[in-house]
Amino acid sequence: MPKVLGLLVVAAVIAVGAGVLAPASALRVGSSPLDAARFGNELAAIKSSPPFECYLEARVFNASRGQSQGPTAGGASPQSRSSLAAAIWADERVTQLAIEPFVSAHDPGAMSPSAVSDARGKLADAIYGTLLAALDTQSSATPFSCPAVVIPSNPRRLESGASILATLPSWFQADQTRAEAAALGLIDLLPNRLPESGAALRQWYARHATQFKTTCVSDIEVASATAARSIASKIARGLSFAHAATRYSQDSRTNRKGGAIGCFSPNSPAWSLVVQYVGSTAIGKVAVWPVQGVYVLYSPTKRTPNTFEKVAAAVETQLHAANVQSSGVLAATIRQVTPVSIASWLGSWSVNQVGGQIAPNLAPPAAAVTNPLANTPTG
């Protein structure tokens with residue numbers, strides 16, 4: 001039996017017998033309840049920390065590839081929030097409450113005091129990295145904006161993840177640090193976990209170094225898909241990309257330079273965009289993408305190998321992101337086999353391919369933590 005499948009069978013057995021939702025509970029995940037008062041205090045803690053709220057909005061923004069920034073706080077009292085915002089946080093708590101006992105049962109060391117202490121720094125790094133990724137995204141229709149995390153004297157300098165975490169109550173910090181420890185422990189349980197440090201990382205890089213070459217990119221911007229296909233066809237028949245860019249491109253920043261945008265190493269903030277738009281496209285070939293209402297032909301013009309030492313941090317970051325993505329798949333499966341109950345005033349739970357989802361109650365009773373007044377933000 002494969003490792004993960006075996007663990008999930010055990011998880012399903014552990015989950016059997018979980019109690020029904022208690023009247024005072026906001027939700028129950030397996031045998032772990034979260035009472036309404038505690039849940040309300042969590043919402044109040046989030047609302048009282050605009051920088052942490054920015055982080056939660058940035059997570060939605062990054063996950064949606066810049067299509068949505070996520071709901072902000074609002075409502076008539078510190079403990080009230082829009083139904084959608086409350087449901088999103090409840091969904092996060094479902095994942096956390098499902099994962100922590102799973103990891104504790106299969107890798108107790110992942111939840112040891114030293115591991116939890118280390119997780120605090122990882123959480124601070126994750127908060128900063130998530131915000132930085134959102135603010136550095138240039139291709140979205142509506143760029144991410146959240147003044148609460150930007151230092152006024154330097155708009156490109158963010159508050160540190162540690163300082164953002166410190167804006168939350170100590171009990172909230174402790175809960176989220178344990179949740180981060182569990183998330184890291186889940187990565188360690190992956191059967192095909194990618195190395196993130198040491199000799200194993202160097203060996204992995206030696207086998208995959210071609211994925212991390214500094215890449216020079218050029219572009220041609222046109223108004224329609226038809227024009228893009230026509231120019232791509234001409235380039236395929238022998239027209240040089242530089243000549244085509246000078247003649248046809250509407251990108252005033254690059255057309256006079258033969259379309260040259262610049263060269264980007266894996267250490268560049270724009271590297272993820274280079275991978276997205278150019279990927280494994282061969283030198284001189286063309287990749288066509290719709291971007292913000294126009295069509296852009298991208299072409300890699302040069303690739304230069306990098307030593308491991310030069311790009312080690314970027315490689316580690318990329319492999320960690322891949323591990324996080326894989327652990328998300330495992331987390332979804334854990335959610336699927338774990339009984340979940342949701343208070344009716346908060347919404348309803350249904351299992352789906354991503355593990356499950358909370359549908360918010362858009363008309364909860366006025367006495368609920370999330371109430372109708374909260375669905376109209378007060379600013």
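Visitor: Which residue in β6 stands opposite A287?

Guide: Y298 in β6 does. One caution before we go on. This is a predicted model, where local features need pLDDT of at least 70 and side-chain atom pairs count only at pLDDT 80 or more, while totals for chains, interfaces and linings use all residues. Residues are numbered from 1 along each chain as its sequence is written, and side-chain values use heavy atoms, with hydrogens and water left out.

Visitor: Okay. How many bridges pair β5 with β6?

Guide: Five bridges, in the antiparallel sense, pair β5 with strand β6 (residues 294–304). Two strands pair if DSSP finds at least two bridges between them.

Visitor: What order do the strands take in that open sheet?

Guide: The order is β4-β3-β6-β5, four strands with antiparallel pairing. β4 and β5 (287–291) are the edge strands, and each pairs on one side only. On average, neighbouring strands here are turned by 30° against each other, direction ignored.

Visitor: Which helix packs on it, touching β3, β5 and β6?

Guide: Helix α9 (residues 225–236) does, and its direction makes about 35° with that of β6. Helix α10 (residues 241–248) lies across β3 and β6, at about 35° to β3. Axes are lines fitted to C-alpha atoms, for helices over the stretch in contact, and angles run from 0 to 180 degrees between N-to-C directions. Contact means heavy atoms within 4.5 Å.

Visitor: How many helices and strands are there in the chain?

Guide: Twelve helices and nine strands. Helices (H or I, at least four residues) and strands (E, at least two) are DSSP runs, numbered from the N terminus.

Visitor: New topic. How many disulfides turn up?

Guide: Two, in a search of the whole structure. A disulfide here is a pair of cysteine sulfur atoms within 2.5 Å. One joins C54 to C146, with S to S at 1.6 Å.

Visitor: Where do C54 and C146 lie?

Guide: C54 lies in helix α3 (residues 50–63), and C146 is in the loop between α5 (113–135) and α6 (161–165), so the pair ties together parts that are 92 residues apart in sequence. Both C54 and C146 are buried. Buried means under 20% relative accessible area, exposed over 50%, and partly exposed in between (1.4 Å probe, protein chains only).

Visitor: And what does C216 join to?

Guide: C216 joins to C263, with S to S at 1.9 Å. The torsion about that S-S bond is about 95°, so this disulfide is right-handed. C216 lies in strand β3 (residues 214–222) and C263 in strand β4 (residues 260–264), so they tie together parts that are 47 residues apart in sequence.

Visitor: Is C263 buried or partly exposed?

Guide: C263 is partly exposed, with a relative accessible area of 49%. C216 counts as buried, at 11% relative accessibility.

Visitor: Last one. Which strand do three bridges join to β1?

Guide: Strand β7 (residues 340–342), running antiparallel to β1. L27 has I342 as its bridge partner in β7.
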